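This report describes the architecture of one protein model for a reader who is new to structural description. Please examine the sequence and the structure before reading on.

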Amino acid sequence: MNEEYHNFSKSVMIINDLGLHARAAAKIAQLAVKAEETIWIIKGGEKVDASSIIDILTLGCSKGTDITFATNNESDKEILNNIVMLVEKGFGE
């Protein structure tokens, strides 16, 4: 996969015991769908659309996994930051 440059990105570690499961993926997608442009989740060489629950689940992120959220649209920075905070708080679990 070719690495793409994203103007705005933040990395975070999955801290909740269940990892990035369906309910957590739904919370991310619910925020990401509000973005003007795509917010991406990057894990290693894989990059998926954060507004797609199925795409998120294909990453297989267990507790301790480092992921990066990225976008190219400055107006989506607040949404990106809200998603990162959600992950940092363990999805409220």
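The text below treats the sheet, then the helices, and finally a salt bridge.

The model is predicted, so local features need pLDDT of at least 70 and side-chain atom pairs count only at pLDDT 80 or more, whereas totals for chains, interfaces and linings use all residues. Residues are numbered from 1 along each chain as its sequence is written, and side-chain values use heavy atoms, with hydrogens and water left out.

**The sheet**

Helices (H or I, at least four residues) and strands (E, at least two) are DSSP runs, numbered from the N terminus. Two strands pair if DSSP finds at least two bridges between them. Four strands form an open sheet in the order β1-β4-β2-β3, and their pairing is antiparallel. The edges are β1 (8–13) and β3 (46–49), each of which pairs on one side only. From one strand to the next, the twist averages 25°; axes are lines fitted to C-alpha atoms, for helices over the stretch in contact, and angles run from 0 to 180 degrees between N-to-C directions.

Strand β2 (residues 40–43) is joined to strand β4 (residues 66–71) by three bridges, and to β3 by four bridges. The table lists residues that face each other across these pairings.

| Residue | Partner | Partner strand |
|---|---|---|
| K43 | E46 | β3 |
| W40 | D49 | β3 |

The hairpin of β2 and β3 has two residues between the strands, and G44 in this hairpin takes a positive phi near 60°.

**The helices**

Two packed helices are described by the angle between their axes and the distance between the axes. For helix α1 (residues 22–32) and helix α3 (residues 77–88), the axes come within 9 Å and cross at roughly 165°. The helices α1 and α3 are therefore roughly antiparallel to each other, a term for angles over 145 degrees. Contact means heavy atoms within 4.5 Å. On α1 the contact is made by K27, I28, L31 and A32, and on α3 by I79, N82, I83, L86 and V87.

**The salt bridge**

A salt bridge is a side-chain nitrogen of Lys or Arg within 4 Å of a carboxyl oxygen of Asp or Glu. How many salt bridges does the structure hold? The structure holds one. It joins D17 and K63, whose closest N and O atoms are 2.8 Å apart. This pair links distant parts of the chain, 46 residues apart: D17 lies in the loop between β1 and α1, and K63 in the loop between α2 (53–58) and β4.

Terms used
Angles under 35 degrees count as roughly parallel, over 145 as roughly antiparallel, 65 to 115 as roughly perpendicular and the rest as oblique.
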